Each structure stands twice: as structure tokens, then as C-alpha cells.
Amino acid sequence: MWHNLGITPSEALWVVLSALGIYAAFSLLVRGFGQRALASWSTLDRAIVIALGAVLGRVVLGYTPTLAAGVIGLATMFGMLRVEGYLRRSRHGAYLTSRPILLMAGSEVVQEGLRKAHILEEELFFKLRQSGIRNLTEVAVVILEPTGEVSILRRGERIDPLLLSRVPNQSRIPRELVLPE
């Protein structure tokens, strides 16, 4: 039966172990480089991601990829996603999730937030322009989310403090921009 599948039990085990190892390594690297690794990508970044996908696939599937090895590798990766989702919902899930990073508080650029996020001021201004911001006084807060997306909240309506619950340096946000608790 294994011969018909094109993979032996030991090769199948190797695919599972390779998938687990590469998933763990990739997760650690993304967390090490921060949310910026997930933020908007340049053309070069996209090319690198495609190349990384090819390398990851080769590592998981081994020298002679087969349909069975591909199915086993995919099933293992999806299984790891399921386990990670379960762990995120557990009481220790905060350790698996990056915290948001405050990039702007009112019209003030938070330089330590930019440094922590590995974002240049020019990239922040690009995101502001992309969002239709014409003047820094229009900004209430800018936050780099754990997903790598940049949230830009405009002045006008006051911000519910619940929306800022995990955001560090909240004290830097002008009080007139936040609803009283």
C-alpha cells in the first residue's frame, strides 16, 4: 500500500517532523522580526515570500515530493494552525500574540514605537497619505496591530478606552481624544 502512495511510513514521519520544525522556526522568526514582517510588502518583499514558500515546501516535502507527502505536509501545517488557534484562546494565549504598538498619539509621532516596529517615519507618512490624512492634526492615534496592519483613527469622535486596552503608552494619547473611563 505504501508503495502505491509513493511514500514509506518513515518518510511520512519525516514530512510531519519537517513540517512541525519549519512551522515553529517560521513562527519564531516572524515574532522575532515583529509585526513589521507582516505589514504591507514591497515588490522585493513579495518575491522573497515566494522564494521562502518554495524553500519551505522543499524542506517539508523532501527530495522527491509526492502527492502523499504534499497532503501529509499540508495536513500537518493546518493541524498546527488549529493547535495555535486553540492555544491563542487559552489563558496563556497572550504569549502567542504580539501586542499592538502605538505609532502616533494625536499629532505626535511616537519615535520609540517606530523603532520597536522597525518602521521608518516615511513609511508611516505613506500609510497616513494612503488613509487620506492631509494634516497630522487630523490624527487621533495610529497603531501597528498584531496582524501587521496599521490602524489610523481620526479625530472627531472620542475613542472608547476599551479599544485601547492592550495598547502600550496609552498615557501619551491626549485625554481629550479618549472617552472618560
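At 0% relative accessibility, Ala19 counts as buried (buried means under 20% relative accessible area, exposed over 50% and partly exposed in between, with a 1.4 Å probe and protein chains only). The model is a predicted one, in which local features need pLDDT of at least 70 and side-chain atom pairs count only at pLDDT 80 or more, while totals for chains, interfaces and linings use all residues. Residues are numbered from 1 along each chain as its sequence is written, and side-chain values use heavy atoms, with hydrogens and water left out.

Ala19 lies in helix H2 (helices are DSSP runs of H or I of at least four residues, numbered from the N terminus). Leaving aside neighbours within four places in sequence, Ala19 is in contact with Val60, Gly73, Thr76 and Met77, where contact means heavy atoms within 4.5 Å. Although Ala19 and Gly73 are 54 residues apart along the chain, their C-alpha atoms are separated by 5.9 Å.

Helix H2 (residues 9-33) packs with helix H4 (residues 67-89) at an angle of about 45°, their axes being 9 Å apart; axes are lines fitted to C-alpha atoms, for helices over the stretch in contact, and angles run from 0 to 180 degrees between N-to-C directions. H2 and H4 are therefore oblique to each other (under 35 degrees counts as roughly parallel, over 145 as roughly antiparallel, 65 to 115 as roughly perpendicular and the rest as oblique).

Ile119, in the loop between helix H5 (111-117) and helix H6 (121-130), is buried, with a relative accessible area of 11%.

Definitions and conventions. Helix = DSSP H or I, 4+ residues; strand = E, 2+ residues; numbered from the N terminus.
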